[in-house]
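Visitor: Can you walk me through this one? I'll ask as I go.

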Amino acid sequence: MTTDLPVVRLVDIRETPLDVAEVLAALADRAAGGVDVFVGTVRDHDHDQGVTGLDYSAHPTAMQRLVEVAERIAEKYDVIAVAAVHRVGRLAIGDAAVVVATAAAHRGEAFEASRALIDELKASVPIWKHQVFTDGTDEWVGTP
């Protein structure tokens, strides 16, 4: 069974909390035998230092770059559906910062596509992390 829905189903950068159920709903398809979801969360440490929270900032071109990444994954892998949502603004420990997911006829392709999606997103979408450590120091990650 094939689907008439677009492969890239949900791509967004937003300041509001991310919802895994929204991503799963966007990927729902009767032809999918496997859906793989990755949720990146804010952890309480980095580089052996405690983290109190962080801010994500996006370049004005970030949304277009995220769309391009999702489209490349959709072209490269035999997937039925692709979704990628990233949060910006102030995030607390435990908050979801990014949710990526793919649906495919078989689990192996979904696993591979989701890993490639998050790896390419992290490498090429201009979203930067400013994290604040418990000792009062801070660090920018992913800036040019």
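Visitor: Is Arg 72 buried, exposed or in between?
Guide: Arg 72 is partly exposed, at a relative accessible area of 37%. The cut-offs are under 20% for buried and over 50% for exposed, with partly exposed in between, using a 1.4 Å probe on protein chains only. This is a predicted model, where local features need pLDDT of at least 70 and side-chain atom pairs count only at pLDDT 80 or more, while totals for chains, interfaces and linings use all residues. Residues are numbered from 1 along each chain as its sequence is written, and side-chain values use heavy atoms, with hydrogens and water left out.

Visitor: Which residue does Arg 72 form a salt bridge with?
Guide: The partner is Glu 120, with the closest N and O atoms 2.4 Å apart. A salt bridge here needs a side-chain nitrogen of Lys or Arg within 4 Å of a carboxyl oxygen of Asp or Glu. The pair links distant parts of the chain, since Arg 72 belongs to helix H2 and Glu 120 to helix H3, 48 residues apart. Helices (H or I, at least four residues) and strands (E, at least two) are DSSP runs, numbered from the N terminus.

Visitor: And Glu 120, how exposed?
Guide: Glu 120 is partly exposed too, with a relative accessible area of 23%.

Visitor: How many salt bridges does the structure hold?
Guide: Eight. One of them joins the side chains of Asp 29 and Arg 9, at 2.6 Å from N to O. This pair also links distant parts of the chain: Asp 29 sits in the loop between helix H1 (20-27) and strand E2 (34-41), and Arg 9 sits in strand E1, 20 residues apart.

Visitor: Are Asp 29 and Arg 9 buried or exposed?
Guide: Asp 29 counts as buried, at 18% relative accessibility. Arg 9 is buried as well, with a relative accessible area of 17%.

Visitor: What else does the side chain of Asp 29 have close by?
Guide: A polar atom of the Asp 29 side chain lies 2.9 Å from the backbone nitrogen of Ala 31. A polar contact is a pair of N or O atoms within 3.5 Å; within protein, one must be able to donate a hydrogen and the other to accept it, and residues adjacent in sequence count only if both atoms are side-chain atoms.

Visitor: How far apart in helix H3 are Arg 115 and Asp 119?
Guide: They are four residues apart, which means a separation of about one helical turn. Their side chains meet in a salt bridge, 3.6 Å from N to O. Arg 115 is exposed, at a relative accessible area of 60%, and Asp 119 counts as partly exposed, at 42%.

Visitor: Which residues of H2 are buried?
Guide: Ala 62, Leu 66, Val 69, Ala 70, Ile 73 and Ala 74. Seen down the axis of H2, they fall within an arc of 135 degrees, so they line one face of the helix. The arc is that of the directions from the helix axis to the C-beta atoms. Glu 75 and Lys 76, on the other side of H2, are exposed.

Visitor: What covers the buried residues of H2?
Guide: The cover includes strands E1 (8-14), E4 (49-58), E5 (81-87) and E8 (127-133), and helix H3 (107-124).

Visitor: Pick Ala 70. What does it touch?
Guide: Leaving out residues up to four places away in sequence, Ala 70 touches Val 8, Val 11, Val 82 and Leu 117. Contact means heavy atoms within 4.5 Å. Ala 70 is buried, with a relative accessible area of 0%. The C-alpha atoms of Ala 70 and Ala 116 are separated by 9.9 Å, at 46 residues apart along the chain.

Visitor: Overall fold, what's the order of elements?
Guide: From the N terminus on, the order is β-α-β-β-β-α-β-β-β-α-β-β. That makes three helices and nine strands.

Visitor: What share of the residues is buried?
Guide: Of the 144 residues, 43% count as buried. Among contacts between residues at least 6 apart in sequence, 73% join residues at least 24 apart.
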